[in-house]
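User: Please take me through the structure shown here, one question at a time.

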Amino acid sequence: MGRATLTGLVLAAAAALLAPGRALAQAAVRASTSVQPSVPAARTNFRLVVTLEGARSVESPTMPAVKGLTLVSGPQVGTNRMNLNGAWSYSVSLTWVASVQEPGDYTIPAIRFVADGSAVETAPVAFRARAPGPQDPVTDPAALQEKYKDSLFVTAEVTKAAPYVGEPIVLTFRLWIGTDAISNYRGMESPPIGGFLQEKLGDERRYRRTMPGGKYFIVIERSTLLIPIEAGDRSIAPVEAAIDVRVQSGRRRNPFGDSIFDDLGFGGLDDVTAPLALRSEPIAVSVKPLPADGRPPLFAGAVGQFDLNANVSHREVAAGDPVTVKIQLRGRGNFRNMGPPGFAAPLAGFREYEPERKENVEATEQGLFGTVDWTRAIVPEKPGATEIPKIVFPYFDVESGSYKTLESGPFPLVVTEAKGPARPLVSERAGGGESGAGGGKAIRFLREDVLPLLPPPADLAPRRSPQPALLAVAALAPLASLAATALLARKRERFRLDPAARRREFAYKTALGRLAEDAGPDGVARAVSGFIADRLSRPAASVTPAEVPALLEGKGDVAAAARDLLEECDRLRFARGAASDSGDLARRAAELLRKLKEALR
Amino acid sequence: MTSFVGLALALVLGSSLAGPAERFIRASDLYRAEDFAGAAAELEALRAEGFASGPLEYNLGNAEYRQGRLGKAIAAYLRAADFMPREADLDFNLRVVRARRADAAPAGGAPTFLRSLLFPHTLLTIGEETALAATLWIAGLALLHAALFVRRAALRRAGAALVALAVLTAGSIAWRVAERSSRPPGVVVAETADVRTGPGGEYPVYFTLHDGYELRVLERSQGWTKVEVEGDKRGWVEDDRVVALPPLFG
């Protein structure tokens, strides 16, 4: 016998051993697929139902792709249990809602499932889709758009079609809903808008509006603040709103009740729906340039209406100590892209530091309102009487169509002799000496000093070390809670899909409950036989005294004890006048249940 | 006699009987009266008693600087940065004092964009970063809890993202704490500090550092401290010439 022959024999033997098991697994669960209705119309929704006879649970399958077929929703999983002549039968059904765009022949290939831990496969199913008739709930977008043109539409508008550069305007998109046929609102897709700074104005608003003819609409509105950044003609592309329209429904709803707000996004399986995309018209915006005539030299792009307020922290200061200049600008305008107020003349004899900007500006449908504060440290370098130049802020006033300039100051300042250590604090840039490398005069820093003290803190307290054990417990407790919750959720899901498992789990508790309800022969028999049935996933009616030894085979004395107790219960129930001690019977039943619980663990 | 003892006790204990806030204010008054040594001593006493805060270290840095002690000033400012890493005045003062040092400054820290990117690591105190990690952790796990009941993939993904950020932040905290414990930053606090090749006066001088030079402290042994300079030069200096920053938790 050659080596190849021997290998072939071993493989054949292995296949022979494995084949019955596979056949058994597949024979235990029968899978079938159906299309409802059997000949659906194109562009309408229909159901695709897979039934697994004999299965108690199924893992979510993956539906293979079929050209031209769209799965609208699903699968919805249903478990069924039926008692036929004392024996329970189980089945699981999975239902998808699907549609096809074109009439023709379609084939759904085999679908693989894992049911009760075994692999199951459906047979391929072919079906024919017919052309839609006048009675069919058509889901064709063009037909739907025509049907709902007066009750479902999107509009777009701007507050000003010809703004100046820098003048904030508001762009508003509105979805108008004047029908109860909408089942799901999936959102509005804003177009890209070039040539503007953009700022979203809050979340989408929803409100009701009655039109002059008395027709009610629900309006979903989204607004964006736009600040033009360059002159020229611009076109704002259409916005697209994505919705699902209910073309056939089993239930009515109040078209203008609150339910439409509540139900958006929660269409039921019974609804036949179709997606619909609605577009607004494009908008033309002509951005005007700011006039060149009369433009102030320090103009830095501010457009709007403003007030200016400025002050300085000291009127007398030592050379080298900082003076803080605070400038506040208040009003309405393009705060987002304008320069800060500046000094009317160069700051001679001061070192300047970068200003710190704090903004409290709110974007509203009337524009940008608020205040911006700039805090700037400047350090006088030489003693003597000097002044901080006035602060100016030129801006373009849209109302009057002209430039205006706000002013504050100048601020006189007396600079006294420097304090601090005697150490000469002189450093030089560009190689030292009076001349730099390029031949020009080098910059000489006459003095640089540390900033003043800080005030006492509110929380001056001894330093405390954290407790590592406490930190570890605090960090791990939520994780442990998540693990426990995940286990509970998993168990709950298992019980939902497999009622028999739930019966097995709570068999002992249920039996004790029955015993507590009725300690007589009836109650005891129901508790004991029920416990055995639940634990073995059998119908309760099949657990008779005669069947118990076979059911509990290999479990030792407990089988005989259960049979004896059930026979005694039968005798007491049917032999009228027989003396019975309910307390003793219940006590023995409880003891038996405890032993059964151990034996059937 | 009794009143004399009481007066003496009041004078001796006056400092410690006043509250920490009053003593802080007294130190500020001493500073303004140009008694910089008195101000530094008062603030050092508060530190020695376990009080800790950014303004305390900042003001101590100012007081040390006014006495010409650059190293002690830098050490105080660096300790202050543990409490208020975003304080602009502190940054400014540290720059002013560092500019006065005799030695060329070692290479600076991470670039600004990297500091911004790693903001929990560079711009938050260790307490703030811990609070951030805890918030991310609890929020992430709460979302994951909710995702068990409301089966939304977005919820699960958001929860997982927050938990991942919490773990990253916790890693950043662990890195900071470990680095500060194993090789804390240190500063030369004497006019000069000879760095020798071994822990003893008999070892040859490798190079000399000056007041305010910043280095890393590696270990201490029998009155000598092993230091690392500019990332690759290692040697030993006398203990009292270098101070190390304290651990972040401790």
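User: With which hand does helix 9 of chain A pass helix 10 of chain A?

Analyst: Helices (H or I, at least four residues) and strands (E, at least two) are DSSP runs numbered from the N terminus. A crossing is left-handed if the near helix is turned anticlockwise from the far one by less than a right angle, and right-handed if clockwise. For helix 9 of chain A passing helix 10 of chain A, the crossing is left-handed.

User: What pLDDT do local features need in this model?

Analyst: Residues are numbered from 1 along each chain as its sequence is written, while chains are lettered from A and ligands numbered from 1 in the order in which they are written. The model is predicted: totals for chains, interfaces and linings use all residues, side-chain atom pairs count only at pLDDT 80 or more, and local features need a pLDDT of at least 70.

User: At what angle do the axes of helix 9 and helix 10 of chain A cross?

Analyst: Axes are lines fitted to C-alpha atoms, for helices over the stretch in contact, and angles run from 0 to 180 degrees between N-to-C directions. The axes of helix 9 (residues 557-574) and helix 10 (residues 582-599) of chain A come within 10 Å, crossing at roughly 145°.

User: How many nonpolar residues does the contact between these two helices have?

Analyst: Residues are in contact if their C-beta atoms, placed from the backbone, lie within 7 Å. Helix 9 of chain A contributes A:V558, A:A561, A:A562 and A:L565, and helix 10 of chain A contributes residues including A:R588, A:L592 and A:K595. Ala, Val, Leu, Ile, Met, Phe, Trp, Tyr, Cys and Pro count as nonpolar, Asp, Glu, Lys and Arg as charged, and the others, Gly among them, as polar. The contact of helix 9 with helix 10 of chain A has two charged residues, no polar ones, and a nonpolar count of eight.

User: Against which helices do the buried residues of helix 7 of chain A pack?

Analyst: A residue is buried if 20 or more other C-beta atoms, placed from the backbone, lie within 10 Å of its own, exposed if 12 or fewer, and partly exposed in between. Among the buried residues of helix 7 of chain A are A:V524, A:V528, A:F531, A:I532 and A:R535. They pack against helix 5 (499-505), helix 6 (507-517), helix 8 (548-551), helix 9 and helix 10 of chain A.

User: What span does helix 7 of chain A reach from its first C-alpha to its last?

Analyst: The expected span of a helix is 1.5 Å times one less than its number of residues. Helix 7 (residues 521-536) of chain A has 16 residues, for which 22 Å is expected, and its span is close to that at 22 Å.

User: How many bridges join strand 21 of chain A to strand 25 of chain A?

Analyst: Strand 21 (residues 323-333) of chain A is joined antiparallel to strand 19 (residues 304-312) by nine bridges, with A:G304 partnered by A:G333. Towards strand 25 (residues 367-380), where A:V323 is partnered by A:I378, the pairing is also antiparallel, and the number of bridges is ten.

User: Which helix of chain B gives the most residues to the side that touches chain A?

Analyst: The contact takes 26 residues from chain A and 33 residues from chain B. The chain B side divides into 21 nonpolar, ten polar and two charged residues. Helix 2 (20-32), helix 4 (54-66), helix 6 (88-99) and helix 9 (126-149) of chain B are among the elements that each supply at least two. With eight residues, the one giving the most is helix 4 of chain B.

User: Which residue of strand 1 of chain B is the bridge partner of A:P462?

Analyst: Strand 32 (residues 461-462) of chain A pairs with strand 1 of chain B in the antiparallel sense over two bridges. The partner of A:P462 is B:F51.

How values were computed. Two residues are in contact if their C-beta atoms, placed from the backbone, lie within 7 Å. Two strands pair if DSSP finds at least two bridges between them.
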